[in-house]
Amino acid sequence: MIVVDRPEMLVVGHAVRTSNADEMEPGRGRLGALWARASVPGAFAHVPGRVDENVYAVLTDYESDHHGAYTQIVGVAVRTAAALPEGMVAVRVPGVPSLKLEARGPMPDALLESWQQLWKHTESGGIPARAFTTDLEVHHPGGVDLYAAILPPLR
C-alpha cells in the first residue's frame, strides 16, 4: 500500500445499496447482479463523453465503516453527466489522498485479497486511517487499482 493523490473524476453507471455482510449471505448479495449487468458487452456504449475504456466501481455513502452499508456504483468515467442514460446515476469522486493497492492475477480472487489486506489494515488501526467517504476501483486490462480515501494527518 502506498499513499497517492487520487484525481477527481465523474462516474456514470448503475448503483446498488449493500453491505459486506449481505454480500456474504447467500441470496442477499446485490453486487453479483450489478457486475453481471456491467459485464454485458456494450453495457456502457451508449454513455456519452467517456474518457477511457476502463470500468470503475465507486464505493460511497458509507453508513459507518466496512461493517456498515454502502452504495456501489459500477460504470465509466465521463467528462460531463449532462444526459444520463435511463436507470443510471452520476457520482463525483473527489480528488483526495488515498491508499493505493494493486490487484493483479486471477479475478475476482486478486481483488478480494486486496480488499482483505485493506480491511486488515483498518481493523489493526493502521496509519493512515481510512476516511470511509468515497473509495474507487479502476478495472483495466492489467488488473484493478484500488484507492481507499484516508483521513488527513492530525496536526
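Rings of Phe, Tyr and Trp (its six-membered ring) count as a pair if their centres lie within 6.5 Å, with planes under 30 degrees apart called stacked, over 60 edge-to-face and the rest tilted. The model here is a predicted one, so local features need pLDDT of at least 70 and side-chain atom pairs count only at pLDDT 80 or more, while totals for chains, interfaces and linings use all residues. Residues are numbered from 1 along each chain as its sequence is written, and side-chain values use heavy atoms, leaving out hydrogens and water.

Searching the whole structure turns up 3 aromatic pairs. One of them, Tyr62 with Tyr70, is tilted, at 5.9 Å centre to centre and 35 degrees between the planes. Tyr62 also pairs with Phe132, this time edge-to-face, with 5.3 Å between the centres and 80 degrees between the planes.

Tyr62 has a relative accessible area of 13% and Tyr70 one of 4%; both count as buried because buried means under 20% relative accessible area, against over 50% for exposed and in between for partly exposed (1.4 Å probe, protein chains only). Phe132 is buried as well.
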